[in-house]
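Subject: The structure for you to look at

Hi,

Here is the structure I promised to pass on. Have a look at it first, then read my notes below.

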Amino acid sequence: MKNKKNILILSPFFYPEPISTGKFNANFAEGLVAKGHKVTVLCFHPFYPDWKAKKSNAQLKGVKIVRGGKHLVYTNKIIFRRIILEFSFAFFVLRNLREHQKGKDLVIPVFPPSFAFYLILPFLNKKTRKVGMVHDLQEVYSEDKSGFLNKLLRLLIHKVEKKCYLNCNKLLFLSNEMKNEAKKLYNLADEKLEVQYPFITIKDKITNDLESLFDTKKINVVYSGALGEKQNPMQLLNFFSEASKKIENTVFHFFSEGETIKKLKELNKNNRILFHNLVDKENLEELYSKSSVQIIPQKENTSKGSLPSKLPNLLASGCKVLVITDANSEIDFFFTNNNLESVATNWNNDALVGKLKFLIQKKIDVEHQKSVAKKNFIMNEMILKIFR
């Protein structure tokens, strides 16, 4: 076990949580175990997509999972349930820290949430290395919100995230755009900042469970995954509605769950827009193979806040992808520099319909797309950067 480490991961989202961060954390932990490292995870019982705790005893081979939060009750109001999540997870970690930081060489807090790491800083072993994994910059998503309470929350987010980041020995961001924004916001030293894109997790094993959901004679345009503010859900529904009128033989699908998707279903009067539950992890490759085009949307002016973790799998699957992102964003440059299709850089419906129509008709170089994905989205690179 020479050079093998004893690692503690901190995140409320972990297996079998279906949210993308939960899947990412689980795959990352399995990758560490495969390299011979010992991994303990402090997390919550799964609660997505309906924000109701579901007791789980599910295990991953080689990973010690310590769960809490099974009795938590969340509100329907987004701002308050996020506060409940931040504070409850923080106190859960604090209660379990003394026992589970013993003998650890490395602590990996996954941000967000951030308050747990902020709270435990005085109690962490000073000799233990701390490497933060940054999935989202919460301050970016709070910038356009008005009102006293939102302004107060933004100040608190800034204070908490800054202290957390400054107290990590290293920070790993999922894009250069995120790294540069965090460096500017929090005056971070460049030498402690690393960037590694999220990694491919699909296994090229295609099931046959979703056949009833797709008409193979139609052009199936799909959004799949968590749907919240940063995906610009109302504009996405408007785009699907407009495109259904202007592009013949199309059907538009949402594969998602939660409060936002319930609201979209209530508003939708278009029989060419269909709603489905999230698919199981084992069916992702089939979903991608049955999608004529997959949509990855980002709200305006938020590309510097995160990089969609589904992008590697979609590109690796060979599926056509339309990304809606900011002009001159990292994804915009990535697609241009690697000769990939296709990116839209505003939410104008006419422009989006034009991009979608072009992509449907375009014959893409699938092997080139898969090659680009395999070259850039590598778990082993992320693990190497954690330790160097």
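Let's start with a term you'll need: a residue is called buried when its relative accessible area is under 20%, exposed when it is over 50%, and partly exposed in between (1.4 Å probe, protein chains only). By that rule Thr 128 is buried, because its relative accessibility is 5%.

Before going on, note that this is a predicted model, so local features need a pLDDT of at least 70 and side-chain atom pairs count only at pLDDT 80 or more, while totals for chains, interfaces and linings use all residues. Residues are numbered from 1 along each chain as its sequence is written, and side-chain values use heavy atoms, with hydrogens and water left out.

Now the whole chain. It has 14 helices and 13 strands; helices (H or I, at least four residues) and strands (E, at least two) are DSSP runs, numbered from the N terminus. Its radius of gyration is 21 Å, which agrees with the value near 21 Å for a compact globule of 388 residues. That radius is taken over C-alpha atoms, and the globule rule is 2.2 Å times the number of residues to the power 0.38. The C-alpha atoms fill a box of roughly 60 × 50 × 40 Å along the principal axes, and 55% of the 388 residues are buried.

Back to Thr 128. You'll find it in the loop between helix 3 (115-120) and strand 5 (129-134). Leaving out residues up to four places away in sequence, Thr 128 touches Lys 104, Asp 105, Leu 106, Val 107 and Asn 169, where contact means heavy atoms within 4.5 Å.

Next, the inside. A nonpolar core is a set of buried Ala, Val, Leu, Ile, Met, Phe, Trp, Tyr and Cys residues joined through side-chain atoms within 4.5 Å. The largest one here has 67 residues, and Phe 14, Met 133 and Phe 173 are among those with the most contacts inside it. Helix 2 (residues 78-100) gives the largest share of this core, 6 residues. There is also a second, separate core of 28 residues, including Ile 261 and Leu 352.

What about the strands? Two of them pair if DSSP finds at least two bridges between them. Strand 3 (residues 63-68) is largely enclosed by the rest of the structure, because 5 of its 6 residues are buried.

There is an open sheet of 6 strands too, in the order 10-9-8-11-12-13, with parallel pairing. Strand 10 (273-276) and strand 13 (343-344) stand at the edges with a single partner strand each, so one side of each has no neighbour in the sheet. Strand 12 (residues 321-324) runs parallel to strand 13 and is joined to it by 2 bridges; Val 323 stands opposite Val 343 there.

Ile 296 is buried, with a relative accessible area of 2%. Apart from residues up to four places away in sequence, its contacts include Pro 308, Leu 314, Val 321 and Val 323.
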